[in-house]
Amino acid sequence: MIEFILNGKVVQTDDEPDTPLLWVVRDTFKLTGSKFGCGIAKCGACTMHIDGSAQQTCVLPITAVAGKTVTTIEGLGTPDNLHPLQQAWVEQGVPQCGYCQSGQIMSAASLLTDNPNPNEAQLEAAMERNICRCGCYPRIKQAILSVAEQGQSGAVQLATPVAAKAPEGIQS
Amino acid sequence: MSAIKLSRRGFLKATGLIGGGLLIGYVATPDGNSPAVIPGDGAMAPNAFIQLTQDNQIIFYSPRDEMGQGISMGLATLVAEELDVPVDKIQVEFASVHDDYRHPEYWVQGTGGSSSMRVHYLPLRQVAADTRALLLTAAAMDLGVAAESLSTEDGYILSNGTGHRYSDFIATAQTLELPSETPLKAKADFKYIGKDMTRIDALAKSTGTAIFGMDIAVPDMYYAMVSRSPVAGGTVNNLDDSAARAMSGVTDIVRIDSGVAVVATSFWKAKKAVAALNIIWDQPDLANFSNGDIRADYQSALESDRGTTETEGSITEGLSKASMQVRRDYWTPYLAHTPMEPVNAVVKISDGKAELWAGTQSPGVARGLVARHSGLSVDNITVNSLFSGGGFGRRAQLSHIAEATQVAVATNKTIKLVWTRENDLQNGWFRQASIMQLHAGIDAEGKVTAWDATRVGGDLAPDTLAGVLPGELPRTPKLLNDLMLSATENLYDGWLIDSGGVEGLVSDYDFPNKQLRHISVNHGLPLAAWRSVGHSFTAFAKETLMDELAEMAGLNSFEFRRRNLQNNPRLLGVLEAVEQGLKQWDIPAGHHIGISTHGSFQSFVAQAAEVSIQGSKIRVHRVLCAIDCGAVINPDIVRAQIEGGIMYGLTAALYGDIEIENGAVKQSNFHDYKILRINEAPAVDVLIVETEQAPSGVGEPGLPPIAPAVANAVYQATGQRLYSMPLTLA
């Protein structure tokens, strides 16, 4: 039995210990916002936050998150209570097919928690782990920078159960 | 994407010659006589596309599939406009399978060929306008006023300053006949068409709540994965499944047409068990070929006198008028589609009925495949279409639905069958590889006098038909299907030219003397239309040669093209839009510009790419793109599709290469099949050159010009002409 915190709730699973976190979250806990894209941690569609930082979960055995805090796209914001990044994604018409976007947003949220005002190079370095086959990259960039410029990224801290660092200079 | 991979022209030719009467006769009544939409209590559905509920909710049934291209938003906008209801108040559902939803030009209920907005623009508006007129007539009767005194606004009928819900008049409307030919709104009165609006699916797709096929879970569902021959077409010689059977959670191991399926209680358990199968495969002919052999076969075909030729004017005469001429050979490789969501399907069979959940580009074919492999009639099969996590042509091939049905039948279980990324790259369908040869002459004025083109490679049309026939004709015996397919293959070998292999190669420019020769060489790797189909490689050859000819003529790239575009004003229009737009650009030192222009899917596109060379790496910084796609329904979606087409085309231009080794695909996942990432993505400026023409394609036309634009910029930067894709510096 492995126990961890999933979107603020303590959960337990008896899935086999080598089962990747992605499949436990999707199949056992029925949260399907995080996606399967490659299975080798090369596309980022499965990105979640583990203790506040973005990780690809399709190769992360469930044993690795025992006692840790896991946040998925469903825990970041909801249609009625959007995270600022999700708001920006909608306003700027980022998604096309949409399949990679949960992973993109989770990587972006982690970036802004660590660095509330990234420059373009820092943004690219943080986001290059996420593939988008529809080619939404220019809009992803624009959406992240718009949130950073608005100084809204403090909300990342609010929505994430365990915030590793308090963003500097941001009023929450 | 050519939804069914077949150009309209190619398809008509093919079916016309193999018995169109039979096919059309068969498909006319697959559904019996039931209407497409059965309205709920107190609701009305005056046609297959619109339901008005008693709560005044408009439901729009989208006949085309949503793969990210924004078509559900685009089509809903047409309905909103003529019904006079805000787009965001319309609930969009993916249509079931029904004759009323067949593509108006293609044969099947499918999506592709960048055609959806073009074919639905007027008919769907008409349906909505007629529905609004019906409601106005009913309101006039119920309110006892003249219909002319009524107006509509945002889903309400206004009478003497009072608003009434559309749904208040359903009862009376039900007694009336739906009018036809109601006048459509004038452009000046458009509220929604032509305006930037947020996509209706953006919220769900930004919150993880959009449901894809991969996300479907139904009660008592088991997971299936399949081990398939590494060489396409191979069959099982020997299977040792003892280790897999002993593994936790494994419930069944069954042989199906494509290989060996493992069924387990979870995806992860199925995946581990598939890896434990020990299979010896009988290899087909394809196993004798590697990339070098395939290319050598193409080369020797090129040098032979084989092929099918179409000529306009005379190449001999054209060359006699030329002051300079040049001949070049081009190589473009096989490519994979790699949509982010690997293909998958859920099939449930019980009590003589079957239900399918899947996102496809061809739900009609999908239904037929479930019928064929379950033995049930199509009337007993429900198709639930879902968001597709990318299509690009890949979701027009539906072998995974046949597989899921075969496993469900063999195990008597509800099955979710999932392809891994490795399956997608190694067991799927591929863009054709090609050798193209161009031989052109120009005169002293910089006019092309002769354009002689040859393309060597595999044919798309037979594989397209092979994908469609078993599902579209679910009761035709396999033997008959196979006969039709082999007849088709023979037709394309020496009789017909498969347009999906040559489209765009001799097009666009004035070319008074032109010739197209095609030589079919098929090795057996399964082929599928890949975003922009033939244009994805022909534009590369045509537009890099045009650049070379411009230099030979001593003219700049714009001026040379202009002189040869005198009969193509719309392509000239976008070319000049880019020429003007570039004047606003500051080009940093060390950065170079290349241009190209190409028409496809009835749209016209020109691009400029700003490139620098960093070591041996080609870096694309910015792209300027002008498109004339006729009337624009949602400019922001046009821009998004152009941006996406450019990124998809850049992946192919810089990295795309599927290599065959002893018949098997060498690449297996994103570590060795490289995809453009955000740190390599250029900024894109889109100029929409709006004309009064009917709307035409946007999903694909942005892609073809990017590879030649980049190659032409690389020449400016390095002096190297590149004749192969992916673009690689010497």
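I take contact to mean heavy atoms within 4.5 Å. The model is predicted, so I note that local features need pLDDT of at least 70 and side-chain atom pairs pLDDT 80 or more, while totals for chains, interfaces and linings use all residues. Residues are numbered from 1 along each chain as its sequence is written, chains are lettered from A, and side-chain values use heavy atoms, without hydrogens and water.

Entry: a helix pair.
I looked up H17(B), residues 535-553, against H21(B), residues 706-718; helices are DSSP runs (H or I, at least four residues), numbered from the N terminus. Their axes lie 8 Å apart at an angle of about 35° (lines fitted to C-alpha atoms over the stretch in contact, angles from 0 to 180 degrees between N-to-C directions). The crossing is right-handed, that is, the near helix is turned clockwise from the far one by less than a right angle. On the H17(B) side I listed residues including Phe540(B) and Asp547(B), and on the H21(B) side Pro708(B) and Tyr715(B) among them. The contact has 6 nonpolar, 3 polar and 3 charged residues (Ala, Val, Leu, Ile, Met, Phe, Trp, Tyr, Cys and Pro nonpolar; Asp, Glu, Lys and Arg charged; the others, Gly among them, polar).

Entry: cavities.
I found 8 cavities of 30 Å³ or more (sets of points on a 1 Å grid over the protein atoms alone where a 1.4 Å probe fits but cannot get out; lining residues have an atom within 4 Å of a point).

Notes. 1 Å grid on protein atoms, 1.4 Å probe; cavity = no way out; pocket = protein on both sides within 12 Å on 5 of 7 lines; lining within 4 Å. Points joined across faces, edges and corners; volume = space filled by probe spheres on them. Helix = DSSP H or I, 4+ residues; strand = E, 2+ residues; numbered from the N terminus.
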